[in-house]
Amino acid sequence: MNTISASAPGKFVILGEHAVVYGKPAIAVAINRRFYITVRKDEDYKINNDVIDERSSPHIRYIADKNNLKPFSVQMESKIPTGSGLGSSAALSVAFSAAMRALNDLPIDRETIAKEAFEAEYFSQGRGSPMDTSVSTNGGGITLNSPDESNILWKITKNEHTWNISGMDVPQMTFVIGNTGVRAATGPLVERVRKYKDSNRFASDIVNEIGAITLEGMKALKANDVVGLGNLMTKNHKLLSILGVSSNELNKLVNASLPYSYGAKLTGAGGGGSMIALTDQPEKVSAAITSRGGIPFIVKTGVEGVKTTIKDE
Ligand code: PMV
């Protein structure tokens with residue numbers, strides 16, 4: 001019987017989270033922290049050796065149903081901290097979708113995996129964009145809704161929004177991630193922004209402004225302009241704070257990093273979770289993050305997307 005191992009990376013967002021849910025542009029990069037799973041057909045449904053009711057894990061149920069494959073057992077190990085704005089849930093869906101295809105002897109078609117993993121995330125959270133699942137599938141860096149479509153990977157449409165997802169060459173830049181250690185679920189934060197936006201014209205203007213800043217950021221990245229990009233990141237953080245998704249812990253880590261950085265901002269859903277700093281003094285930024293109670297790590301970019309290995313038993 002075949003055993004499939006699959007892994008997929010987490011991510012951070014350089015610019016554009018939350019606004020991307022409404023079809024605005026965004027830039028995201030895969031990181032050197034991965035979600036690992038091993039799947040094989042079995043007599044019961046098992047996760048990490050415990051028999052489970054498959055309904056307890058909606059992403060897994062959704063993907064298993066789509067692939068018509070059950071029962072099975074799954075072993076999981078995540079090196080991406082959960083609820084930390086680093087895309088751990090998307091990486092699980094991507095790795096599981098790839099493993100299911102491999103078990104069914106289907107090719108590892110990235111576009112299909114990115115779409116299926118997005119649908120699984122949407123099914124489990126009821127909202128969101130295909131940013132996390134696309135970058136975890138593709139690896140490297142991606143843009144969403146960039147006007148430059150010369151490197152387009154795939155398009156994804158859900159309800160009234162379409163996202164054009166393109167591959168992006170990530171220039172040599174150093175980012176430090178600071179995890180506050182405070183877990184925050186993505187769904188309620190996305191819902192908070194939606195309610196604010198629906199009830200207040202000012203919040204819609206902020207979302208548009210984040211979109212405009214992100215387009216500027218795409219130009220700065222192409223031109224390797226770290227100063228320009230850093231300024232845009234710090235501006236983006238202020239706008240996200242106005243939308244109500246920052247926190248005291250995030251602001252502390254952002255402010256501690258800024259003296260040694262080109263720019264810093266929360267990354268992902270916010271409310272806790274993580275921030276990023278763009279810097280050429282990563283050790284100083286890491287020390288500043290640690291001194292404020294955060295957990296830093298220096299990011300390696302250019303990371304491979306989803307991958308699988310098959311073992312015959
Ligand atoms: O916190 P994370 O890793 O789940 O990232 C969420 C990013 C949002 O833009 C807030 C939501 C989304 O689906 O794009």
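Throughout these legends, buried means under 20% relative accessible area, exposed over 50% and partly exposed in between, with a 1.4 Å probe and protein chains only. The model is predicted, so local features need pLDDT of at least 70 and side-chain atom pairs count only at pLDDT 80 or more, while totals for chains, interfaces and linings use all residues. Residues are numbered from 1 along each chain as its sequence is written, and side-chain values use heavy atoms, with hydrogens and water left out.

**View 1. The loop residue Asp105.** Asp105 belongs to the loop between helix 2 (88-103) and helix 3 (110-125), and its relative accessible area of 65% makes it exposed. Its phi is near 60 degrees, a positive value in a residue other than glycine. Most residues other than glycine have a negative phi.

**View 2. The loop residue His18.** Located in the loop between strand 1 (2-15) and strand 2 (26-41), His18 also has a positive phi, near 65 degrees. At 6% relative accessibility, His18 is buried.

View 3. An oxygen atom of the ligand lies 3.0 Å from a polar backbone atom of Gly87, and an oxygen atom of the ligand is 3.4 Å from a polar backbone atom of Gly85. For Asp132, an N or O atom in the side chain is 3.2 Å from an oxygen atom of the ligand. Of the 390 Å² that the ligand exposes when taken alone, the protein buries 93%.

How values were computed. A polar contact is a pair of N or O atoms within 3.5 Å; within protein, one must be able to donate a hydrogen and the other to accept it, and residues adjacent in sequence count only if both atoms are side-chain atoms. Accessible areas come from the Shrake-Rupley method with a 1.4 Å probe; for residues, only the protein chains shown count as cover. Helices (H or I, at least four residues) and strands (E, at least two) are DSSP runs, numbered from the N terminus.
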